[in-house]
Amino acid sequence: MKRKSVQIRKFMLVDSAYKSRILRGDKVTTIRYGDYEARPGSEIYLVITPSDTAIAKVRITRVEKKKVRELTNEDARLDGFSDVKELLRELSKIYGELYGDDEVTIIGFEVIKRFADGIPLKWLKGLNYREPEEIARLYLENQEKLNLNRETDFILRRMYNEGLGRAVRTFGPKKVQGALLKAYHALYAAGII
């Protein structure tokens with residue numbers, strides 16, 4: 001029985017151990033055990049675990065299927081490892097023992113936007129995968145149509161001017177998330193998004 005493929009549409013999970021390598025550009029692929037589908041050219045969020053925080057938006061550059069025995073030193077280098085032996089040791093820690101005929105999927109990506117403070121995945125889902133700064137910008141551009149309360153207005157202005165991380169440190173995550181959700185729903189109801 002053939003296993004069903006995993007489809008990558010909005011985000012992709014990666015271990016937090018790879019965060020700095022990805023943001024430096026030392027790791028530009030991820031190698032997954034099994035059959036994964038992603039569209040080259042599509043833009044997705046890269047989310048680190050276990051915190052489930054988006055650290056970047058990436059563009060998928062390629063998707064390639066290979067057998068484990070076909071992996072090369074170049075594949076390892078693009079994945080942030082020195083050689084194929086080091087890569088296979090790491091893959092075996094994640095997936096258990098791999099055999100030469102096992103299929104892997106190599107997903108290439110390029111970072112197109114970094115999120116200095118990170119965005120909680122649950123916030124992205126609640127905003128239908130719109131970034132908090134975009135919601136704040138759209139609110140400010142359309143505030144006269146939306147009629148939100150002063151506190152929400154104040155939080156969104158601070159977020160737009162000073163960034164998400166500063167707003168969270170100033171007002172707390174619940175208030176910031178609440179302001180974003182109010183603005184998102186108001187923008188949606190007004191037909192703006």
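In β7, Ile106 is the bridge partner of Ile31. Strands β3 and β7 run antiparallel and are joined by five bridges. Two strands are taken as paired if DSSP finds at least two bridges between them. Helices (H or I, at least four residues) and strands (E, at least two) are DSSP runs, numbered from the N terminus.

The model is predicted: local features need pLDDT of at least 70, side-chain atom pairs count only at pLDDT 80 or more, and totals for chains, interfaces and linings use all residues. Residues are numbered from 1 along each chain as its sequence is written, and side-chain values use heavy atoms, with hydrogens and water left out.

The domain assignment of the protein chain gives domain 1 (6-114) and domain 2 (130-190). Such bounds come from an automatic or database domain assignment. The C-alpha centres of domain 1 and domain 2 are 34 Å apart.

Five strands form an open sheet, with mixed pairing. Their order is β2-β5-β6-β7-β3. Strands β2 (11-15) and β3 (29-33) are the edges, each pairing on one side only. From one strand to the next, the twist averages 40 degrees. Axes are lines fitted to C-alpha atoms, for helices over the stretch in contact, and angles run from 0 to 180 degrees between N-to-C directions. Strands of a sheet pair through backbone hydrogen bonds, either parallel or antiparallel.

The pairings can be followed across the sheet from β2. Strands β2 and β5 run parallel, joined by five bridges. Here Val14 stands opposite Ile48 in β5. Strand β5 (residues 43-49) then pairs with strand β6 (residues 53-67) in the antiparallel sense, over six bridges. Val47 faces Ala54 in β6 as its opposite residue. Glu43 stands opposite Arg59, also in β6. Strands β5 and β6 form a hairpin with three residues between them. Asp52, in the turn, has a positive phi of about 50 degrees. Strand β5 is mostly covered, with five of its seven residues buried. Buried means under 20% relative accessible area, exposed over 50% and partly exposed in between (1.4 Å probe, protein chains only).

Strand β6 also pairs with strand β7 (residues 103-120). This pairing is antiparallel and spans 13 bridges. Thr53 stands opposite Pro120 in β7.

Helix packing was examined for α6 and α7. Helix α6 (residues 150-162) packs on helix α7 (residues 164-171) at an angle of about 140 degrees, with axes 7 Å apart. Helix α6 is therefore oblique to α7. Angles under 35 degrees count as roughly parallel, over 145 as roughly antiparallel, 65 to 115 as roughly perpendicular and the rest as oblique. From α6, the contact (heavy atoms within 4.5 Å) is made by Phe154, Ile155, Arg158, Met159 and Glu162. Helix α7 contributes Leu164, Arg166, Ala167, Thr170 and Phe171. By class, this contact has six nonpolar, one polar and three charged residues. Ala, Val, Leu, Ile, Met, Phe, Trp, Tyr, Cys and Pro count as nonpolar, Asp, Glu, Lys and Arg as charged, and the others, Gly among them, as polar.

Asp153 is also found in helix α6. Asp153 counts as buried because its relative accessibility is 17%. Leaving aside neighbours within four places in sequence, Asp153 is in contact with Tyr139 and Gln143.
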